[in-house]
Amino acid sequence: MALMKLMYQDLRKIALARREAEDSTFVRQGELNNASVCFAQALFIRGLLDMSSSFTKSTARNIFYGGSVFFFLFFIGLTFDTMTALPKRDNRANLSDAVKHGKKIWETRNCIGCHTLLGEGAYFAPELGNVYKRRGPEFIKAWIQAQPTGAPGRRQMPQFHLNDQELNDLVEFLKYSSEINTNSWPPNIEG
Ligand code: HEC
């Protein structure tokens with residue numbers, strides 16, 4: 001406490017000295033700012049000194065326990081809110097067998113090694129979370145069958161030799177992904 005009082009007095013002195021210098025016409029802008037910073041620091045320490053009479057150990061303990069309980073309950077509340085919102089937003093009603101099979105193809109062919117799906121994945125190739133809305137089912141199937149394009153200067157996608165069933169299921173999976181409520185993310189249709 002004594003140390004704080006000393007600090008307070010020192011800072012006040014420095015601040016006053018700087019304030020005097022402020023009156024002189026030769027003072028530079030930087031020093032003016034220093035004076036106000038010192039005043040602010042002095043005021044802050046002054047505040048701590050005033051508080052120290054009523055701020056006991058048990059007050060500190062109460063703030064700690066009270067704060068912990070409050071934020072723990074707040075966290076539980078947020079978790080509950082998320083769990084109730086998810087079923088309405090994650091499109092689980094449309095998780096058909098075709099979608100599940102499409103997801104399996106998505107995983108075994110490592111599409112995510114180049115693409116992102118709703119932001120997760122690699123940044124080599126376009127986002128595919130909304131590719132169904134962007135291109136439609138026929139384009140997607142034709143595109144996958146036509147790889148690699150061999151277009152000079154463009155990044156290439158491999159040929160996966162998928163049959164019609166596999167292509168349809170993959171498209172079903174991309175359709176399902178595009179219908180997840182993501183609060184309109186990605187923000188534009190080009191991904
Ligand atoms: C080796 C990297 C790589 C892998 C693996 C890969 N892709 Fe691609 N894909 C690309 C690149 C690069 C492009 C963009 C090429 C271009 O624009 O010329 C692309 C484009 C696409 C497009 C067109 C996107 C659009 O906006 O028009 C679709 C659809 C697509 N990929 C689906 C898939 C699927 C499904 C898989 C997994 C079965 C897959 N890709 C695996 C590299 C990859």
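1. In this predicted model, Ala 98, Val 99, His 101, Gly 102, Lys 103, Ile 105 and Trp 106 of helix 4 are in contact (C-beta atoms, placed from the backbone, within 7 Å) with Glu 166, Asn 168, Asp 169, Leu 170, Glu 172, Phe 173 and Tyr 176 of helix 7. By class, this contact comprises seven nonpolar, three polar and four charged residues. Nonpolar denotes Ala, Val, Leu, Ile, Met, Phe, Trp, Tyr, Cys and Pro, charged denotes Asp, Glu, Lys and Arg, and the others, Gly among them, are polar. Helices are DSSP runs (H or I, at least four residues), numbered from the N terminus.

2. The axes of helix 4 (residues 97-108) and helix 7 (residues 164-178) come within 7 Å and cross at roughly 100°. Axes are lines fitted to C-alpha atoms over the stretch in contact, with angles from 0 to 180 degrees between N-to-C directions. The two helices are therefore roughly perpendicular (65 to 115 degrees).

3. The largest nonpolar core has nine residues, including Val 99, Leu 128, Leu 170 and Phe 173. Such a core joins buried Ala, Val, Leu, Ile, Met, Phe, Trp, Tyr and Cys residues through C-beta atoms within 7 Å; buried requires 20 or more other C-beta atoms within 10 Å of a residue's own. Helix 7 gives the largest share, five residues.

4. The ligand is surrounded by 24 residues (C-beta atom within 6 Å), the closest being Cys 111, Cys 114, Ala 125, Arg 155 and Met 157. The shell divides into 15 nonpolar, four polar and five charged residues.

5. Residues are numbered from 1 along each chain as its sequence is written. Local features need pLDDT of at least 70, side-chain atom pairs count only at pLDDT 80 or more, and totals for chains, interfaces and linings use all residues.

Note on methods:
Angles under 35 degrees count as roughly parallel, over 145 as roughly antiparallel, 65 to 115 as roughly perpendicular and the rest as oblique. Two residues are in contact if their C-beta atoms, placed from the backbone, lie within 7 Å. A residue is buried if 20 or more other C-beta atoms lie within 10 Å of its own, exposed if 12 or fewer, and partly exposed in between; C-beta atoms are placed from the backbone.
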